[in-house]
Each structure stands twice: as C-alpha cells, then as structure tokens.
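My notes are below, in the order in which I took them.

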Amino acid sequence: MSTTKAEDLQLGSYKYGWHDESKSVFEPKRGLSSDVVEEISALKSEPRWMRDVRLKAFKQFQARPMPNWGSDLSGIDFDEIFYFVRSTEKQANSWDELPAEIKNTYDRLGIPEAEKQRLISGVAAQYESEVVYHKVREDLEAEGVIFLDTDTALREHEDLFREHFMKVIPSNDNKLAALNTAVWSGGSFIWIPEGVKVDVPLQAYFRINKENMGQFERTLIIAEPGSYVHYVEGCTAPIYSSDSLHSAVVEIIAKPGSRVRYTTIQNWSNNVYNLVTKRAAAYEDATMEWIDGNIGSKVTMKYPSVHLMGRGARGEVLSVAFAGDGQHQDAGAKMVHHASDTSSSIVSKSVSQGTGRTSYRGQVAIQEGAHRVKNSTVCDALLLDEHARSDTYPYMEIAEQDAQISHEASVSKIGEEQLFYLRSRGVEEFEAMAMIVRGFIEPISKELPMEYSVELNRLISLNMEGSVG
Amino acid sequence: MATLDTLTEQHVIALSEARREPPWLLDRRLEAYKAFADLEWPDNRVEEWRYTDPRRFDLTRPLVDGGRIAVETAAQGVVTGDLAAAARTHEAVVRDALGTAVGLERKFAAANLAAFTESVFIYVPAEVELDEPVRVSVEAAADGAQPPRVLVVLGAHAKATVLLDHVGDADTTVIEVVEAVVREGARLQLVTTQHWGSRVDHLGAHTGRVGANAGYHHFEATLGGGTVYLTPDVELAEPGGNAELLGVYLTDDGRHVEHRSLIHHDASNTTSDSIYKGALQGDSFASWYGNIRIEPHAKATASDETNRNLILGSGARASSIPFLEILCSDVVRCGHHSSVGQMDELQLFYLESRGIPREQAVRMLVFGFFAEVTDRVGVPAVADGVLAELQRAIEGSYA
C-alpha cells in the first residue's frame, strides 16, 4: 500500500473541505489580551458581571499550564488565532435572509433541507463566532421551550442564565475551559420546562470557515424535572494549511427525573485542534446520555462526563472514534458517582487507520458515601493498518465497599478470515472492510436517529477510502 | 550513620572497598550514584506516584548492614552467593546481567545499585535444570533502611524455580531490587511472598528480562507490610518470549498496597498473561495498575491482563487501572479485564440454603476467588500455603 496515495485520497474524500471567501463585518485581530476580552464583551453589550467573569477567566487561562498529558498540543500558537469573528450583522430567521455565501454553505451541508422535512424540532447554525440562523418549532415555543443562541439567552433570560452558568464547569476547571470562559461566543442555550418532552431532536450546526479561527462556543442545557430533550450537534471546517482551534464548553443540568441525550458528530477537518470540556450533572433519577462520534480533527481531547449527584441517577456514554493518518483521537468518558444507587455505563469503539491513533481515556470514581453504585465499561479497538495505534487508559477509583465495577477492553486487527469470507462472496475488498467497520460500531450507530446513523457510516466509509490497495 | 536520603559518593566508595569489589563494580555503583544524584525525588504529582505518596518511605532511617538476606538450595549445578563475591568469581555473567533488567531511570532503583550491601546472586548455567528450588529470604530484623538486591541469571535453556520470602517486623524501610535475566530458551519461575509485619514498608522493583523463546513466570503474594509498592515488570526483549505475571494481595486496617506492572512487548511473537486478585479489608487501600505496551515492531503478540478486587470491609478503597498501549496492529489478541465488587450475597445464600454454615460458605468463595491464581503456581506447597493464609485472614474478619 502506498501511504502517499492513501493520504491524497483521504484529503480528497473530506467533503466539507471547501471554504467561502472570509467576509466579516468586524475586523478580526489575531492574538489574545485582556483588551481583546473586553472588546468581545463590549461588542456583545454584555452586563458588567459577565465582563468580569471573562477577565477573571482570562487570568486563570494565563496562569494555568498547558495539559502535558493526552495529546501533543505544542502546535497550538495562541497568538496566531482569531478569537472573535463576526460574519453577519444580524441573526436570520429564514435561510433566505442569510448572506449568500453563508446560505450556500448550509445548503451544501443539507441543513435547510432537514429543517424543511421537519426531521428536527429546532436548528441553530453557528458560523465562526456567532449563531447566524436560529429557528425553533412553533409548538415547542408555545410550550415554553427556550432554544436560543447563548448570546441572545444572556440578553433575554439573564436571571435563568446566571443561575446555571458555570455551575457545572467552573472557569478554572482547566486551561481550555478558562480560555472558553474568557472568550466564549455563540453556542446553544436550552431550557426545557418541567414535564415537557421534546420528541424530535434540536440541532446545532457548527462551522469554522476562516483560517486560524478559534471557535469557542458555550452551550448550556437545563432540563427541568421530568423533561426530555435530545440535542444533536455537527461540526465541519475547511482544510487549511495552518491550524484552527475549537474549544467549547458544554454544561448540562439534568434535574430530578429528567433525561437529556446529547449527540455529537464531530467531523472537523484535519487541521483543527478540538479541545472540548463537556460535563453534565444528573440529579435524582435523572438520565444523562452522551453519544459522541469523533471522526475529524487533527487532535481531539474530549471526555464527556457525568456527575451523578442524586440517588438513582444514571449516566451513559457511547463513544465512537475514528483516526486516520496523522490524527489523534484522545476521547473517553468520566463517571463520578457522588450519590447512592447510581449507575453508569460506558461503551467505546475506536478504529485506527494509517498512522492514526485512538486513545480511550476514562475515569470511574465512586466517592465516599455513594453506596450500591454500578458501572460497566467496555472498550473495543480495531486496528486497520500496520502503523495504527490504540491506547486504553482507564482509571477506576472506588471509595465504597459495595460498588460493582467492571471494565473490559479488547484490541484486535481486522480479521483476515472475515475479509476472505466476504471477498469469496464477491464483495470488493474496500466494501468488505467498510462492512466490518460498520458492524464493529453498530452498537453505537444504532442508537443514533436514522439519518445520523447513515451519516456516521458514510463518513467512516469516506475516511477509509484509499486505505485499501 | 549513612542514610539513603543523604547518600554521598564517599559512602558508595567506602562500602565498595569494604567488600573488596572489583573496580568495574565500583564504576557501576558510581554511575548509579550519579543517576541517583541527578534525579529528583518523585512526589505524588507524577503519574507513577499518583496513589502512593513516596514520602511514605522513610529514608532518614540509617542504613543497616549485615546478615539480613540468605540463600540456600539442595539443587546441584547452581551457583549461589553474594554479588560482591560473584563480581570476582563470575565477572562476565554478573557484568552482562547486572542492571539490565532494572535500570537507573528511577531514583529508588538507582539508590539501590549505588548502596546495596545485602545481596544474592543465583546463576544457573546453560542447559542446567534444577530439580529443587532455590530459596532466598530477606529479613527485616533491625530498625533502619535496607536496599537488598537479588540477581538471578539463567543461561540458555536452563530451568529453575526461585522462592523468595520476606519476613520480619522491625521498623524498616526496604528498597528492594530483584532482577531476573532469562536467556534464550530458559524457564524461570520466581515465586515471591511478602510476610512482613505491619511496621515494614516495602518498595520493590521486580523485573524479568526475557530472552528468545524463554519463559518467565512471576507470582507474588502480598500478605503483610505497612506501605507496599511493588513493580512487577517484564521486558519481552527477544522474539518468542513468554511471561506470566500472577499475584494475590490482601489488605487490612491501616495498610496501603500498590502494584504497578509494565509488560513490555519489545519483540515479535511474544506472549504475556497477567492476573492479579486482591481482597481488601478494614480501613485500607489497594491500587493495581497494569500496562501492556506493544511496540511497532512487536508483531504477532498476544497478551491479556486481569485484575479483580473483592472489597470486604467498609472503609477499604480500591483503584484499578488497566492500560493498553498498542503501537502495532498485528496483534493476535490483546485485552484487559478489571472489576471491583463484593462477595456475592446470592452465592452465599445459595450455599447456606444447601445447609453449609456461613463461615464455611465464605471460605469456599474466597478459596474459589484466589484459587484461580494460585492454581497456576507450579509450586503446590507455596500455593496451598498462601491460599490457606488468605482464607484464615479473611474468615476472621468477614464471617
């Protein structure tokens, strides 16, 4: 197999790699200082307390060292990044109101079509730093569901916002969470009233267009008691020769008896550092589910977490990672059991191809006083090429005697016999490999809404193109 | 009096001269001293010491000297003695093997090579198969610190069993290094038991370096000690090597036990299998960490590691950290399994409903739990003894 050829083909197969001419209404600057932080706050006409939060977080960002574990982050040059890019003056209510280039982007991504077919209850589209399009189904609005971009939510629902903001992820949680808190812009704010069940997913679509862009969206989801919501996000970016940074913070509060499902299909181009902090607090009898698909990016470090705060709470992470040439997917999950009778499960499936590296990094912690806790973790890895790498780094820390914790992991290469069998049935080698990979990730893809499941399989097939031969 | 934390070059030279060691060994000690002096003392901010604060090992205790390590065997054809003597009588063997399994990357291991006085050398020449085990005992008999060192070398196609026991109950810090160098086609079974009293703190580096098509079987039973931090590592350095790492551990009130094992597949067609089982009682802590690392050139490897913890007492805390680092896709199989749980009330209920008294039911379940490990130890006398000790210790507190 020729590596060069595979690389060429792979780049060619990233279907979202085009970029529009960057037109911004506010002249962006590279680099970060407290002036830039204040300027972002001023441009957004924010209340003073938020400006103070940002400035404090900026100091924390400066004081904190870069993480020296996980992946190699030495390629990030914080001085080269654009921290805030405003691409349109006004958020649009219909796709037609958007500037032509931006509308074109979302047309090519198929988002307006999905909305038309009512496959989604609401949609938010973020382009660079801000949400440019937003729409929520009328009946949900009537029930009191709030689905806004985070900037608007701060303006229109300041008390609700302030009550929950930074309650799950404090600004000083880690260096990148501090950075996000200092320069956050965009993201989704969702509030589901007590007892309301949103039957069809809410969707957000994140797009980086500009080279060296830093996207720092901030998402906050609050599910009041007994409510249900499924939120889906997708991410893409063009291919550039120098790197971009995506560093989001997602906080979720699942109040007693509620259920929140959060699905991500991350398909950034291979020059995006994707360093994301995602954490949920699940209270009594609440259920929090993270479905996390990582296909794109140069480096991803992301460990969706659930803090199980109330008796009977349940946490689940389903994680799929695919790393092709030069990619490192350092993904995983954390389950922190603070309360008794809580349970959690983690299923991780990773596929490494070419020189790709996938790492599962996880933590299951049972705190003192949390009785009868159960956790089960299963990590499976599939290696497609000789130079592919797979790591498993699970930590289990148990401070109570009546916990039941189990962890199983396996690493295997694609079976020669399986391939031979399929080929003897007349299946082409590439399709045979893709079939095996699809079968491998099936326990997770079947959990997705049908069109996302199809999309995930298609993305993986695209990424595998050129890997055989 | 000399202590490990204030070790000086003069002290190292003096102890080497007092033992009439050849110059090459003194050079090795000085090299180790330099590494020791250059390395920082680790603290619990580094990954290796995340669960055990290295300050638990009191290094201000004076180094004790003399008569605390012994070796005996009824077997024919094996060379046993102390390392200083062997450095003269079997220079080539010692020179080629010393420091090749446990290097100077860790501060404590470097200290041991610089300052060991108590030592045992066991050499089984090529083609020699021992029909009797070699017995080594390390004793903590006097208050202080001691850095015992054991070097086992098996020549090509040799076969031996070494039983290493640790006894004593003085206020002692033991900084131990056990190196096993197993040459091509040889087979070593190293069975080590820790019967320390609660005042002994034990930091032990046990590493096997496994040659082509050779076999290394390491079993350890950690039954005593205050703070115990053991690193049973294996270096599969040549094609076709096989390693089996087995262990059982038992904790009770006030004890802190950590096992940290690296199985390094650095050559093709190497295989490894590891299983560690522990029971935790009282207010105690046990941590098990295992890493299987498979290098890019190590093709067609197979490995598996298992850790099971039975928590029997409230207040006991456990952590279990099974790592895999697979840099080569050409693996035959690779996996790990880990669990933390309690004695199964359903199984107890079942046995009791069959008229078996609870005490005996507990004994049966503990027996079953640990027998999976001890059954794989090729020295029945030791395996049965360990199993009986485990059962006795657990019955007392659980039934």
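This is a predicted model: local features need pLDDT of at least 70, side-chain atom pairs count only at pLDDT 80 or more; totals for chains, interfaces and linings use all residues.

**Entry 1**

**Entry 1. Chain B as a whole**

I began with the secondary structure of chain B and found eight helices and 19 strands. I then looked up the radius of gyration, which is 21 Å for chain B. The globule rule also gives 21 Å for 399 residues, so chain B is as compact as a globular protein of that length. The C-alpha trace of chain B spans about 70 × 50 × 45 Å along its principal axes.

Next I looked up burial, and 52% of the 399 residues of chain B count as buried. I also took the contacts in chain B with a separation of 6 or more, and 84% of them are between residues 24 or more positions apart.

**Entry 2. The two domains of chain B**

I wrote down the division of chain B into domain 1 (4-343) and domain 2 (344-399). Their centres, taken over C-alpha atoms, are separated by 28 Å. How many residues of each domain are in contact with the other? I found 21 residues in domain 1 of chain B and 20 residues in domain 2 of chain B. On the domain 1 side, at least two residues each come from strand 7 (159-168), strand 9 (187-194), strand 11 (215-222), strand 13 (242-251) and strand 15 (271-280) of chain B. I sorted the residues of that side by class and got 14 nonpolar, five polar and two charged.

**Entry 3. Strand 4 of chain B**

I picked strand 4 (residues 134-140) of chain B and asked whether it is enclosed or open. Five of its seven residues are buried, so strand 4 of chain B is largely enclosed by the rest of the structure.

I then looked up its partners. Strand 1 (residues 69-73) of chain B pairs with strand 4 of chain B over five bridges, in the antiparallel sense. In this pair, Ile69(B) stands opposite Val138(B). Strand 7 of chain B is joined to strand 4 of chain B by seven bridges, and these two strands run parallel. Here Val134(B) has Val162(B) as its bridge partner.

**Entry 4. His256(B)**

I found His256(B) in strand 14 (residues 256-265) of chain B. Is His256(B) buried or exposed? I counted 20 C-beta neighbours inside 10 Å, and a residue is buried at 20 or more, so His256(B) counts as buried. Leaving aside neighbours within four places in sequence, I listed its contacts as Thr52(B), Arg56(B), Thr227(B), Ser284(B) and Phe285(B). I also took one distance: His256(B) and Leu151(B) are 27 Å apart, C-alpha to C-alpha, and 105 residues apart in sequence.

**Entry 5. Two positive phi values**

I looked up phi for two residues other than glycine. Arg20(B) has a positive phi, near 55°. Arg20(B) is in the loop between helix 1 (9-18) and helix 2 (23-38) of chain B. It has 10 C-beta neighbours inside 10 Å and therefore counts as exposed.

His157(B) has a positive phi too, near 60°. I found His157(B) in the loop between strand 6 (149-154) and strand 7 of chain B. With 16 other C-beta atoms within 10 Å, His157(B) is partly exposed.

**Entry 6. Where chain B touches chain A**

I found 29 residues of chain B in contact with 29 residues of chain A. Which elements give two or more residues to the side of chain B that touches chain A? They are strand 18 (317-326) and strand 19 (331-341) of chain B. By class, I recorded 13 nonpolar, twelve polar and four charged residues on that side.

Six bridges join it to strand 21 (residues 389-398) of chain A, and the two strands run antiparallel. Within this pair I noted Glu397(A) opposite Ser319(B).

Note on methods
Residues are numbered from 1 along each chain as its sequence is written. Chains are lettered from A and ligands numbered from 1 in the order in which they are written. Two residues are in contact if their C-beta atoms, placed from the backbone, lie within 7 Å. Helices (H or I, at least four residues) and strands (E, at least two) are DSSP runs, numbered from the N terminus. Ala, Val, Leu, Ile, Met, Phe, Trp, Tyr, Cys and Pro count as nonpolar, Asp, Glu, Lys and Arg as charged, and the others, Gly among them, as polar. Two strands pair if DSSP finds at least two bridges between them. A residue is buried if 20 or more other C-beta atoms lie within 10 Å of its own, exposed if 12 or fewer, and partly exposed in between; C-beta atoms are placed from the backbone. Domain bounds come from an automatic or database domain assignment. The radius of gyration is taken over C-alpha atoms; the globule rule is 2.2 Å times the number of residues to the power 0.38.
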